Amino acid sequence: QFLRGIAEARGLPPEEVKNASERGPLNSQEALVAKLVDQVDYADKAKSVYDMVKDLNAKHAKTRKGGKPLIEGIGMQGHYNEGTSAANVESSIKLFSSLPGVSISVTELDITYANTGSLSAQQAKSQALKYAQLFDIYKKNAAGPANGKKGRVERVTFWGTNDGDSW
């Protein structure tokens, strides 16, 4: 279903998207990074991405030196809004973290509010609290020695005030 959505958005047959994912770098030492995926704070979409990465990595196990997985990273686009559940974001990170050898990058992080210009004082406070919630989660799941090398979130990239204004 996830691949069907990507295919429809690009006007391609779902088999072509899956085949492109599967072609990958099987004859080199390059790794694939799963498509930067928006809205993986929704459980069904996160599960679809998880299943795709798990299946492709199982299918191509032992094809790369050192036993590295075919897909080494998942990019979680962070186009969030005031209604985004930090708990759902954390659930997705935990799900993706269960994939052996797969890192997580949070990309395009913004928290959008419906307005016609600058944020109101209440919106700015709410936005700051949402960022604080998210960064508590990112810090708790950060890769590197500070977390005993147990975390998988390697980076967080800000995108701007909202996706519509970043282009």
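Residues are numbered from 1 along each chain as its sequence is written, and side-chain values use heavy atoms, with hydrogens and water left out. Because the model is predicted, local features need pLDDT of at least 70 and side-chain atom pairs count only at pLDDT 80 or more, while totals for chains, interfaces and linings use all residues.

## Overall make-up

The protein has 5 helices and 4 strands. Here helices (H or I, at least four residues) and strands (E, at least two) are DSSP runs, numbered from the N terminus. Read from the N terminus, their order is α-α-β-α-β-α-β-α-β. Of the 167 residues in the protein, 37% are buried. Buried means under 20% relative accessible area, exposed means over 50%, and partly exposed lies in between (1.4 Å probe, protein chains only). Among contacts with a separation of 6 or more, 70% join residues 24 or more positions apart. A contact means heavy atoms within 4.5 Å.

## Helix 4 against helix 5

Two packed helices are described by the angle between their axes and the distance between the axes. Helix 4 (residues 86-97) packs on helix 5 (residues 121-140) at an angle of about 20°, and the axes are 9 Å apart. Helix 4 is therefore roughly parallel to helix 5. Axes are lines fitted to C-alpha atoms, for helices over the stretch in contact, and angles run from 0 to 180 degrees between N-to-C directions. Angles under 35 degrees count as roughly parallel, over 145 as roughly antiparallel, 65 to 115 as roughly perpendicular and the rest as oblique.

From helix 4, Ala86, Val89, Glu90 and Ile93 meet Gln133, Leu134, Ile137, Tyr138 and Lys140 of helix 5. By class, this contact of helix 4 with helix 5 has 6 nonpolar, 1 polar and 2 charged residues. Ala, Val, Leu, Ile, Met, Phe, Trp, Tyr, Cys and Pro count as nonpolar, Asp, Glu, Lys and Arg as charged, and the others, Gly among them, as polar.

Glutamate 90 lies in helix 4. Not counting residues up to four places away in sequence, glutamate 90 touches Ile137, Lys140 and Asn141.

## The largest nonpolar core

A nonpolar core is a set of buried Ala, Val, Leu, Ile, Met, Phe, Trp, Tyr and Cys residues joined through side-chain atoms within 4.5 Å. The largest one has 28 residues, of which Val53, Met76, Tyr80, Ile93, Phe96, Leu134 and Tyr138 touch the most other members. At least two residues of this core come from each of helix 3 (43-59), strand 2 (71-81), helix 4, strand 3 (103-112) and helix 5. Helix 3 gives the largest share, 6 residues.

Valine 53 is placed in helix 3. Leaving aside neighbours within four places in sequence, tyrosine 80 is in contact with Asp41, Val89, Leu109, Asp110, Ile111, Thr112, Leu134 and Tyr138.

## Accessibility and backbone

| Residue | Relative accessibility | Class |
|---|---|---|
| Valine 53 | 0% | buried |
| Glutamate 108 | 12% | buried |
| Glutamate 90 | 15% | buried |
| Lysine 149 | 68% | exposed |

Most residues other than glycine have a negative phi. Glutamate 108, in strand 3, has a positive phi near 55°. Lysine 149 also has a positive phi, of about 55°, and sits in the loop between helix 5 and strand 4 (153-158).
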